[in-house]
Amino acid sequence: MSTTWWSRLSKQQENDQDDRASELQFGEKDQGTQKPHNDNADLSPGELTFEEDTAGGMGRYLGVTSCTLLIVGKIIGSGIFSTPSSILSSVGSVGASLMLWVLGFVLSFCGLFIWLEFGTMFPRSGGEKVYLEAVYKKPKYLATIIFAANAILLGFTASNCIVFASNILVAAGQSAGRWNERGVALGVMFFVTFLHGIAPKTGVLIMNLLSIFKIVILVFVVVTGWVVLSGKTRVVDPYYNFRNAFAGSSTSSNDYATATFKVLYAYTGWSNVNYVMNDVRNPVRTLKIAGPLGLGICTVLYLLANVAYFSAATKTEIVESGVTVASLFFGNVFGSVAERALSVFIALSALGNVITVTFVAARVNQELAKEGIPLPFGNKFWASNWPTGKSPLPGLIIHLIPSIIVIIGPPPNIAYPFILDVEGYPQQIINFFIVIGLFYLRWKKPAAIRPFKVWWPLAVFFLAAACFLLIAPFLKPANGVGDTPPLPYYLYCLVGIAVMFVGVLYWFAWRIMLPKVFGYELVPRKEILDDGTFVTVVSVGFLFCVSWFGSRILFSSICIERCSDLEVDWKCW
């Protein structure tokens, strides 16, 4: 009898082990990550475990194609149609301008490989938020709050909304006045917000289609440029800009730093998948494929598009025309009639960028709320997937608010170039600390699981470039005023630093000053929302000791551990 019972028990244990092994293999295949995760107490970013952080929402529904198009859709916005003229104006020559586009490509690939190492180590949504939390654990929440200040206050999508509005009004034959332009821009922002919040699958479909459309537009520009260089168009001398390409090059480091910020802004988006890893199928494998593929497609198109632009117009025409370089290109090659069609192309490209940026920003905001960042009305609402249970509409609203302010507030002719500069500088500060963190983890955690390792000289080069881009903007430019007059040339740096300092002050008030003044401590706990999302809730704990001395009650803010030292009857809350 006992032998029969023991054999049955052993067989049942073997079956249970097989079931657990099958579940583990399925989990590894589904997650695309190695077990165990880098999720121990010393290395795990934030309060939530990997399984808790990836719970909720629509699950993993983004494959290699969608992730590649997510990168393409973010990188290709309106910048490639307008930025080349401002970069040429800053550095003074076609040769120097093309070299900066090559430098931007090299820096972007170095950054991509660094982010690939971090993204495959910690395959969860949030991007830099996750990596900073994994490295800079003390003071607790400081890195998270500083990143949150940058992500929320400077994470708006205003410039491309304005670009869409101005171009679509031109295409419709309407004058782009100050308020009708802003009205259209606001309409776009509200439409995209509710598109992703109410119909997320439709939003992803439109996002992918517009990304493909952008590729088609740039391929058309590139092919047209080849035709121009063949001498079979109305352009008289397509090689004029390339004969003495470096003539008139600037000698100011400030000019090159500012122009590099614009180039890097045009390449911004290579880390887009890192922000939405919770939505990605087989995230490690997908990230390693989609990242290089998406950035590679955009790099080739960018460099060839610049060659096409410079073949159709002289340097003087590009600098002094006052229009986008793409408009000048189409006008010189096809005539004025084609410029209206170009306006539609640029508008749709800008719209695709807005849809992509908004999709990603909402996930980052949701991750910040899930971490317990104090927000109005409590962080549980902002961390949720309300109302559908599939998409973070509250996170989209966080992104919507600063976008509305920027669209309505400053004048566009000054705001647009200033916004490009302001957004670039804090990101370089974050990049600096990310690379430092990479070397720190290589030193302190050499045994951590790294499905991808960046070649360290690339990380050193990226770090050196980040240092240069942090210092050079404070050096006086050759023209003495920079490219955003009447604003001081160094103002965008100070604004970027001020935004991050706001994060430091917010953290100090939340974690240090207020608890000390009012005598409470912050107690984190985890909750699960109705849609399956896990969230860290940081509650206020008041610790009182109630001592009875006859008929008198004594309240004292003494720790629970110290209450037992009182030789009286006591009760603690």
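Start with helix 12 and select its buried residues: Asn254, Asp255, Ala257, Thr258, Ala259, Thr260, Phe261, Lys262, Val263, Leu264, Ala266 and Tyr267. They make up 12 of the 15 residues of helix 12, so the rest of the structure largely encloses this helix. The model on screen is a predicted one.

Next, move to the loop between helix 6 (128-135) and helix 7, where proline 139 sits. Select lysine 138 together with proline 139: the peptide bond from the lysine to the proline is cis, with omega near -5°. Tyrosine 141 is also placed in the loop between helix 6 and helix 7. Tyrosine 141 is not a glycine, yet its phi is positive, about 75°. Is tyrosine 141 buried or exposed? Its relative accessibility is 6%, under the 20% cut-off, so tyrosine 141 counts as buried.

From there, open the second largest pocket, with a volume of about 380 Å³. It is lined by 17 residues, and those closest to its centre are Ala148, Ile152, Leu153, Leu375 and Tyr506. To see which elements give two or more residues to this lining, select helix 7 (142-153), helix 18 (393-408) and helix 21 (491-518). Helix 7 supplies the largest share, five residues. Colour the lining by residue class: 16 residues are nonpolar, one is polar and none is charged.

Then go to phenylalanine 377, in the loop between helix 16 (337-370) and helix 17. Phenylalanine 377 has a positive phi of about 70°, although it is not a glycine. Show its surface: with 76% relative accessibility, over the 50% cut-off, phenylalanine 377 counts as exposed.

The last stop is proline 387, located in the loop between helix 17 (379-383) and helix 18. Select tryptophan 386 as well; a cis peptide bond joins tryptophan 386 to proline 387, and its omega is about 0°.

Notes
Residues are numbered from 1 along each chain as its sequence is written. This is a predicted model: local features need pLDDT of at least 70, side-chain atom pairs count only at pLDDT 80 or more; totals for chains, interfaces and linings use all residues. Side-chain values use heavy atoms; hydrogens and water are left out. On a 1 Å grid over the protein atoms alone, a cavity is a set of points where a 1.4 Å probe fits but cannot get out, and a pocket is an open set with protein on both sides within 12 Å along at least five of seven lines; lining residues have an atom within 4 Å of a point. Grid points are joined across faces, edges and corners, and a volume is the space filled by probe spheres set on the points. Helices (H or I, at least four residues) and strands (E, at least two) are DSSP runs, numbered from the N terminus. Ala, Val, Leu, Ile, Met, Phe, Trp, Tyr, Cys and Pro count as nonpolar, Asp, Glu, Lys and Arg as charged, and the others, Gly among them, as polar. Buried means under 20% relative accessible area, exposed over 50%, partly exposed in between (1.4 Å probe, protein chains only).
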